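Trainee: I would like to learn how to read the features of a protein model. May we go through one together, step by step?

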Amino acid sequence: MTLLLRLTAILAFTFISFNSFSQRKELITDSFDSILFEEFAKRIENKTSYNFYYNPAQVDSLVVTLKIENELMTDVLNRVFAGTDFRFVIDKENNIFITKGREILGALPEDFFSKKPDGVKQQMDFDLSDYEKKEKKKNQVESKLYSIGIKTSNLQGSASIAGYVRNALTGEPVIGASIFVENPVIGVGTDAFGYYSITLPKGRHTLNIKSIGIKPAQRQIMLYSDGKLDIEVEEDVTPLKEVIVESDRDVRVTGMQMGLEKLDIKTMKQMPSALGEVDVLKVMLALPGVQSVGEGANGINVRGGATNQNLILFNDATVYNPSHLFGFFSTFNPDILKSVELYKSGITADYGGRLSSVLDVKTREGNLKKFSGSGGISPITGRLTLEGPIIKDKTSLILSGRSTYSDWLLRQIDSPELKNSTASFYDVNAILTHQINDKNNLYASVYLSKDKFSLNSDTLYSYSDRNASLKWRHSFNNKLYSVFTAGASEYKYDISSDNNPVNAFTLDFAVQQLNAKADFSFFQNQKNTITTGVSTTHYKLWPGNQQPNGSTSIITPDVLEPEQGLESAIYIGDNYEVNSKLSIYIGTRYSLYQYLGPKKVYQYASNLPLEERNTIDSTFYDKGETITTYHGLEPRLSLRYILPRNSSVKLSYNRMRQYIQMLSNTTAIAPTDIWKLSDPYIRPQIGDQISIGYYKNIGRKQYETSAEVYYKITQQALDFKGGAVLLLNHQIETDVIEAFGKAYGIELMLKKATGKLNGWITYTYSRSLLQTRNPYPSETINGGKFFPSNYDKPHAANFIGNYKFSRRVNFSLNVTYSTGRPLTIPLGQYELNGSKRLYYSDRNQFRIPDYFRVDASLNFEGNHKIKKLAHSSWTLAVYNLTGRDNAYSIFFESKDGTIQGYKLSVFAQPIPTLTYNFRF
Amino acid sequence: MNIFNLKRIKNAWLFLLLSGCIEPYSPPELENNPDILVVDGFLDGTKGSCTVRLTRTQRLGSTEPPPIETSAIVQLEEKDGSTLTLINQFNGNYSISNLVVSPLKVYRILVRTQDGEEYASDYTALKNSPPIDSLTWSATNQGIQVEATTHDPDNASRYYLWSFVETWQYTSAYYSNMEFQNGTVSLRSEDIYDCWQEQSSTSIIIGSSDKLSQDVIYKQPITVLPTNTDKYQIRYSILVQQRVLTKEAYNFWLELQKNTENLGSLFDPQPSQVLGNIHYVNRPLEPVLGYFSAGFTSEKRLFIRYADLPPGFPFIRDFPGCKEDTILLEDLPTFGSTGKLLTTPVTIGGIILIGYGYSTVDCVDCRSKGGTNVQPDFW
């Protein structure tokens with residue numbers, strides 16, 4: 001029995017008078033050994049005439065161990081609930097109602113039907129008319145029979161039905177909802193547009209629609225031939241959100257995808273955040289296989305990959321720098337986010353261009369029905385989002401902005417160090433959705449951001465990220481649709497200094513990409529879904545441009561030649577359901593990369609190391625001329641086999657090629673890191689990953705467990721010579737060396753997605769190692785032996801727990817542990833030029849102390865009246881609750897002739913923040 | 001030129017978070033401390049001398065002087081020319097002077113240690129150094145910054161290394177003209193109130209005009225005198241020496257500087273072993289530390305007096321714990337055992353001597369702070 005019915009029953013019961021059936025006295029004999037309450041109730045229901053009514057979420061952790069012999073129901077239940085705050089009441093029809101904390105009356109008050117002496121009529125506690133109206137409407141829609149296609153008496157064969165699932169309130173598409181019929185068992189999911197296509201035998205069916213965050217819905221259909229059905233579903237209103245739809249619990253086991261982490265914004269909002277704002281990248285760090293080099297470091301390392309090996313997509317536009325303010329904020333404004341997906345393995349053929357992972361960030365579509373807004377205020381940022389229809393039910397727009405007042409904060413701090421400092425950022429989003437007609441939709445997204453900082457110096461750093469994408473989705477018919485996407489991304493930074501009039505300078509870097517792609521999805525039949533497409537990306541980089549700043553400066557203008565490249569790809573993939581147990585995805589991508597002129601390319605003596613002094617000549621290539629071409633196949637394979645007892649095993653293999661990389665010889669992404677295209681000397685990186693996983697749901701599917709093992713090799717990974725100069729280097733190939741990388745690990749996860757108490761525990765053991773295989777000592781690190789990469793952290797464990805005290809108050813706890821990251825430390829000291837100097841170990845042979853952190857947060861929701869001016873919530877979060885001074889870095893300084901080691905910690909004390917959020 | 005001073009970002013970042021902290025850290029103890037030869041050699045074309053210092057690496061954090069290599073044979077070799085053996089000073093230093101060196105030749109050093117191991121440096125040319133055009137100073141937030149400006153009209157120098165010796169005058173807390181010796185009081189023959197102290201640079205100061213259209217170094221910071229120093233309470237002097245480096249030598253010092261003076265945050269490059277131009281002859285893969293460089297030097301001196309400083313500059317004349325007391329004449333016989341020093345006579349009305357002022361040695365004898373009371377020639 002669904003919860004909804006149970007609740008309806010409880011409510012109905014309260015207002016129904018009882019017939020005077022006498023309660024039958026049944027005696028029960030049974031024994032129960034550590035079984036869940038729901039099992040217990042079912043058994044009793046089967047054996048006796050009793051029926052149980054309760055909220056499953058409340059009893060999900062109640063376990064029954066009992067031996068009963070000829071006992072009355074009342075006695076049995078008294079024993080079951082002994083020591084808990086559960087109450088029960090049994091009515092005359094042998095219905096048992098279980099409540100938590102408060103008892104309900106099994107009978108009406110005695111004076112209920114008789115007027116009180118003073119003549120005042122008893123008032124009902126709350127008005128159910130609104131609820132009833134809605135239920136009635138819903139029942140109307142659900143009981144209506146929709147005829148699909150052209151009416152015919154021939155009901156032989158199958159037909160397909162397709163359409164959108166949308167939120168009834170806002171008109172937004174519902175992504176990842178499952179649409180299924182129970183007889184025969186056929187199901188599909190909605191895609192990123194909320195679109196579904198399902199092929200069924202002609203005839204009458206009941207379509208079930210289920211997803212996280214919406215109320216389960218049904219549609220009665222009569223399927224004559226191919227046709228359309230758009231489905232509007234209701235949002236699950238927050239107070240009733242304790243029930244998370246069960247259909248999604250199976251996804252981890254039965255879903256095709258492995259190594260996929262999918263989080264919706266609601267989950268992310270529950271997690272404690274450092275500076276009072278939901279941060280996508282920080283949330284990712286709580287997942288197995290995702291690491292960062294330290295607090296406040298930009299970027300994430302996925303399964304032993306470098307930070308630049310993640311393809312970060314924001315509404316399908318590539319993001320080059322995902323962080324604001326040294327990595328303390330991510331560039332994704334939480335108010336407009338819909339979902340975030342991180343692919344760690346089993347990457348499908350439609351994605352390409354980066355080795356490690358795909359982080360696909362999708363924003364909401366604007367409200368199609370009415371104007372609304374949301375925002376928040378935290379100690380560092382303020383944000384505001386406005387959205388609404390331009391043409392009702394057709395066109396919507398979201399405008400969103402976020403900015404800091406950290407400049408103002410800095411001025412309040414009475415410190416000479418900060419007197420001349422500024423640090424600020426802003427970002428702006430605009431998202432337009434337009435439904436041209438049933439078959440055509442347009443989506444446009446624009447993003448702008450800018451960061452600016454100058455830290456007690458005359459040097460001003462600023463960087464900006466700008467991107468835009470335009471998507472046109474066209475349905476040819478129920479089974480075939482296409483998406484055409486055009487996008488542009490730009491990341492640039494500039495540094496300027498004007499303190500010393502002779503040396504004043506400006507320095508710019510920029511990378512720009514223009515891309516276009518066409519994707520086709522073909523739902524051939526229930527077993528086969530084929531995706532195919534082509535894409536092309538044009539890159540242009542301005543690797544460095546230094547100019548004098550002011551008339552007195554004698555800085556020589558130094559301009560590195562721009563670089564151009566073209567990356568094109570074609571792919572095809574087929575998701576084939578062999579039988580109800582085995583499902584296979586086979587795909588391949590072929591990518592072709594051309595490094596294009598105009599450009600001067602240096603030649604080096606062939607039998608000598610690649611060094612500036614071994615330059616022998618240079619060649620100039622004209623505009624558009626191909627300098628080098630790289631190409632290759634990128635096979636992708638995934639396989640899922642369902643095992644008995646709610647478990648499955650999955651396998652995946654993928655090869656990726658990366659033609660653009662970030663050059664960085666600092667431990668974390670620095671504001672001056674540059675991107676570089678593959679060229680005749682810097683070859684593209686190639687990564688292969690094989691992974692295998694076992695998934696099992698236990699305890700009535702409320703516990704999801706998984707174990708994934710992966711092994712990954714990277715060819716032509718980038719590393720750098722000691723002391724490499726990466727900025728304004730005209731022959732950068734002489735400072736870069738190739739390395740061979742291998743990474744492997746096991747990721748274990750236990751997750752409880754439902755109940756008052758939910759959350760997950762993960763443990764990861766992983767290694768990430770590099771090795772140089774070059775013939776010359778100057779191009780060799782650690783004598784050619786394998787050495788740990790900068791982000792090699794073998795042991796990592798995370799705990800995330802949420803507990804809902806009530807519908808309005810919830811508490812979250814986040815515990816993180818990891819091995820300290822590798823470090824190169826001095827082995828000894830020596831004296832040179834009158835001062836002590838350090839003699840360093842081989843690279844990354846030591847580690848900083850282990851990392852451990854506890855965060856907690858408390859969310860208070862405002863009252864849940866559906867109709868009110870604005871909904872608000874408060875979040876009180878404490879970051880690093882235990883105040884542990886985790887080492888951020890270890891460094892050694894030679895000062896006044898002596899050497900001292902220092903440990904630098906950031907966030908070395910509990911950081912409380914209070915955030916106010918609102919929506920209207 | 002220090003364009004990308006990321007260390008500043010680090011520092012201010014800490015304040016930004018208001019919660020960062022830096023604590024001393026001791027790395028894990030090693031079982032075997034590395035024992036590697038360190039060669040620090042310089043052929044000074046201006047003075048016609050060559051000095052080589054041979055030491056060895058030592059345990060990290062050791063405050064002892066480094067172990068020295070005393071019984072080695074060190075030779076200076078002119079390519080296609082003569083080889084001279086340096087004179088062992090038996091303190092780790094090996095030197096030779098009265099050399100005539102030519103800027104047209106290249107030189108290297110050869111070292112054979114007591115245990116028979118042989119080392120050789122790369123051949124190095126002597127670079128001429130243009131004169132220092134000016135030495136100036138300016139007041140900054142951090143203190144007084146001394147800056148050097150130079151240029152090479154031939155655009156041939158490009159890479160510079162500076163070192164300095166600073167000298168400053170200071171006084172003790174109390175002037176003393178009386179002396180207690182062998183039970184009697186006499187006039188002090190020696191001034192122990194005014195002293196001069198000397199200190200050499202220890203950090204690596206390098207600069208390059210590589211990125212400039214002309215070979216000009218404009219106001220290169222040499223050192224910063226913090227506002228709380230007592231170095232300029234009377235008069236301060238700095239002698240700056242300038243050398244021109246080859247590009248390889250410049251890169252070596254730059255690397256060494258990055259690796260020991262500028263490391264720490266995630267934004268700094270990872271440290272690496274910095275190996276110079278000295279090689280193990282028989283085992284080329286074994287590391288040898290240090291550098292042999294050669295060149296002509298130019299130098300310039302600058303004086304700064306407190307009176308020259310901008311108004312409001314703190315005048316540090318702080319003698320913590322100093323107190324002057326008086327000893328009466330009748331108590332004098334016991335004064336010798338106190339170990340203290342007399343300052344000046346104490347009289348009534350300037351006529352009747354009743355005793356002497358006295359204080360501790362630290363407060364009376366300026367030499368106790370390490371300086372000398374002999375005025376330098378250049379003062």
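Trainee: How many helices and strands are there in chain B?

Mentor: In this predicted model, chain B holds three helices and 25 strands. Of its 379 residues, 49% are buried. The accessible surface of chain B comes to about 18000 Å², and carbon and sulfur atoms account for 49% of that surface.

Trainee: What share of the contacts in chain B with a separation of 6 or more comes from residues 24 or more positions apart?

Mentor: Such residues account for 68% of those contacts.

Trainee: How should I read a sheet?

Mentor: Strands of a sheet pair through backbone hydrogen bonds, in either a parallel or an antiparallel manner. In chain B, five strands form an open sheet with the order β6-β7-β3-β2-β21, and the pairing is mixed. Its edge strands are β6 (87–88) and β21 (289–295) of chain B, each of which pairs on one side only.

Trainee: How many bridges join strand β2 of chain B to β21(B), and do these strands run parallel or antiparallel?

Mentor: Seven bridges join β2 (residues 37–44) of chain B to β21(B), and the two run parallel.

Trainee: Now to single residues. Is A:Thr363 buried or exposed?

Mentor: The cut-off for a buried residue is a relative accessible area under 20%. A:Thr363 has 8%, so it is buried. This residue lies in strand β23 (residues 357–363) of chain A.

Trainee: Which residues is A:Thr363 in contact with, leaving aside neighbours within four places in sequence?

Mentor: They are A:Phe314, A:Asn315, A:Ile336, A:Leu337, A:Lys338 and A:Ile431. With A:Asn315 there is also a polar contact of 2.8 Å between the side chains.

Trainee: Where is A:Val578 found?

Mentor: A:Val578 is in the loop between β34 (563–577) and β35 (582–596) of chain A. Not counting residues up to four places away in sequence, A:Val578 touches A:Lys527, A:Ser583 and A:Ile584. A:Lys527 is 51 residues apart from A:Val578 along the chain, yet their C-alpha atoms are separated by 7.1 Å.

Trainee: Which residues make the nonpolar surface patch of about 360 Å²?

Mentor: That patch is made by A:Ile692, A:Val709, A:Ile746, A:Leu748 and A:Tyr763. One of them, A:Ile692, is in strand β42 (residues 685–698) of chain A and is partly exposed, with a relative accessible area of 42%.

Key: Residues numbered from 1 in each chain as written. Chains lettered and ligands numbered in written order. Predicted model: local features only at pLDDT ≥ 70, side-chain atom pairs only at ≥ 80, totals over all residues. Heavy atoms only, no water. Helix = DSSP H or I, 4+ residues; strand = E, 2+ residues; numbered from the N terminus. Buried < 20%, exposed > 50% of the residue type's maximum accessible area, 1.4 Å probe, protein only. Polar contact = N/O pair within 3.5 Å; in protein donor to acceptor, adjacent residues only side chain to side chain. Contact = heavy atoms within 4.5 Å. Pairing = 2+ DSSP bridges. Patch = residues over 30% accessible without salt bridge, like charges linked within 9 Å, V, L, I, M, F, W, Y side chains within 5 Å. Areas by Shrake-Rupley, 256 points an atom, 1.4 Å probe, with all protein chains shown as cover. Salt bridge = Lys/Arg side-chain N within 4 Å of Asp/Glu carboxyl O.
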